[in-house]
Amino acid sequence: MILPSQQIAALIKAGNVRVAKDVSDTALPQTLQPASLDLTLGRRAFRMRASFLPGAGNRVADGIDALCLHEIDLDAGAVLETGCIYLIELRESLDLPAGLSALANPKSSTGRLDVFARAVGEASDRFDALPDGYSGPLWLEVAPRTFPILARTGDRLSQIRFRQGESKPLRKQTVSVDLSPESQVVGYRARRHSGLVDLRGVGAHNALDYWEPIRLTNGGLILEPEEFYILASREAVEIPVGEAAEMAPIDTEIGEFRAHYAGFFDPGFGIAEAGGAGSRAVLEVRGRDVPFLLSHGQPVAHLVFEALVEPPTTLYGAAGSSYQAQGLRLSKHFSA
């Protein structure tokens with residue numbers, strides 16, 4: 001079962017989850033979500049020659065020593081280039097009690113920018129997964145795929161949630177793609193060799209400088225290999241008050257594409273009482289290997305629902321959100 005916000009706050013107060021010194025009690029709601037906590041970038045980033053997992057008994061620092069090309073100071077801001085791999089220390093660390101594990105996901109905006117981001121811990125043999133009782137620092141591997149990004153200390157690219165006991169999914173919901181011929185614009189294709197995206201530049205980037213709107217003239221969309229697309233689900237998505245959900249891939253045999261990067265939905269997303277009636281899931285889609293025809297209503301992912309220990313004290317969207325009640329929606333960094 002997943003811990004709600006008030007229990008995450010209790011972990012912070014007890015020192016089981018250590019946050020940055022400048023994240024005071026008044027600033028905490030900005031990083032604390034209904035069933036997750038935003039992770040913030042630290043000062044040091046390392047340009048790496050390759051991605052790696054430290055593995056059992058090994059330290060992340062040893063991998064940095066072996067693979068680091070150079071160190072970058074994020075305090076003044078730095079450009080993270082496409083095609084490069086960075087390992088960035090996070091300002092949060094964990095000292096989890098027995099029976100509690102943690103899972104991380106890229107934030108919604110991170111996925112929509114086509115930034116590959118995944119958490120790493122000491123002795124990790126899996127990305128984005130911290131085992132029962134984990135104690136130690138956290139890092140984030142960051143690899144911009146389409147847009148170079150301007151990042152600074154304190155920026156948020158990933159979020160973490162905490163699980164009590166073993167994973168026990170409640171149910172699955174199939175997510176299909178909306179390519180309705182009635183829609184004027186069914187999606188967006190990222191433009192190659194576009195400009196820099198400032199992670200703090202909310203609404204500061206002209207969407208058409210970075211994205212090509214897709215208007216269909218036939219019965220489907222041909223995904224080109226290694227092109228990045230933003231599409232929307234055909235179905236409305238609702239995450240009940242006492243549940244959270246993760247978007248998981250369907251079998252790779254369905255076609256030559258990957259659909260989902262940022263896959264966690266907090267409780268309250270899409271429900272009417274939190275102002276989210278009719279919300280759709282936004283799909284980050286990348287073509288692979290060969291061109292592939294994607295058709296209207298084609299299944300592309302599953303939503304896997306899991307219960308919370310108890311309902312959160314606040315719901316997604318209650319304090320404002322860029323993505324509640326969304327349809328087809330680019331990241332918050334872009335203006336029309």
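Accessible areas come from the Shrake-Rupley method with a 1.4 Å probe, and for residues only the protein chains shown count as cover. On this basis I recorded an accessible surface of about 14,400 Å² for the chain, and I noted that 48% of that surface belongs to carbon and sulfur atoms.

**Basis of the entries.** I worked from a predicted model, in which local features need pLDDT of at least 70 and side-chain atom pairs count only at pLDDT 80 or more, while totals for chains, interfaces and linings use all residues. Residues are numbered from 1 along each chain as its sequence is written, and side-chain values use heavy atoms, with hydrogens and water left out.

**The chain as a whole.** I found five helices and 26 strands in the chain; these are DSSP runs numbered from the N terminus, with helices being H or I of at least four residues and strands E of at least two. The radius of gyration of the chain is 19 Å, close to the 20 Å that the globule rule gives for 336 residues, so the chain is as compact as a globular protein of that length. This radius is taken over C-alpha atoms, and the rule is 2.2 Å times the number of residues to the power 0.38. I noted that the C-alpha trace spans about 55 × 45 × 40 Å along its principal axes.

I looked up burial next: 54% of the 336 residues count as buried, that is, under 20% relative accessible area (1.4 Å probe, protein chains only).

**Sheets.** I traced an open sheet of four strands in the order S13-S25-S20-S22, with antiparallel pairing; two strands pair if DSSP finds at least two bridges between them. Strand S13 (171–176) and strand S22 (264–265) each have a single partner strand, so one side of each is left without a neighbour in the sheet. S13 is joined to strand S25 (residues 299–307) by six bridges, and Gln 173 stands opposite Leu 303 in S25.

I then followed an open sheet of three strands, S5-S11-S15, where the pairing is mixed. In it, strand S11 (residues 149–151) and S15 run parallel, joined by two bridges, and Leu 150 stands opposite Asp 198 in S15.

I listed eight aromatic pairs, counting rings of Phe, Tyr and Trp (its six-membered ring) whose centres lie within 6.5 Å. Ring pairs link Phe 147, Tyr 210, Trp 211, Phe 228 and Phe 334 into a cluster.

I also found Arg 112 over the face of Tyr 323, at 3.8 Å from the ring centre. Arg 171 lies over the face of Phe 305, at 4.1 Å from the ring centre. A charge sits over a ring if NZ of Lys or CZ of Arg is within 6 Å of the ring centre and within 35 degrees of the ring normal.

Terms used
Phe/Tyr/Trp six-rings, centres within 6.5 Å; stacked < 30°, edge-to-face > 60°. Buried < 20%, exposed > 50% of the residue type's maximum accessible area, 1.4 Å probe, protein only.
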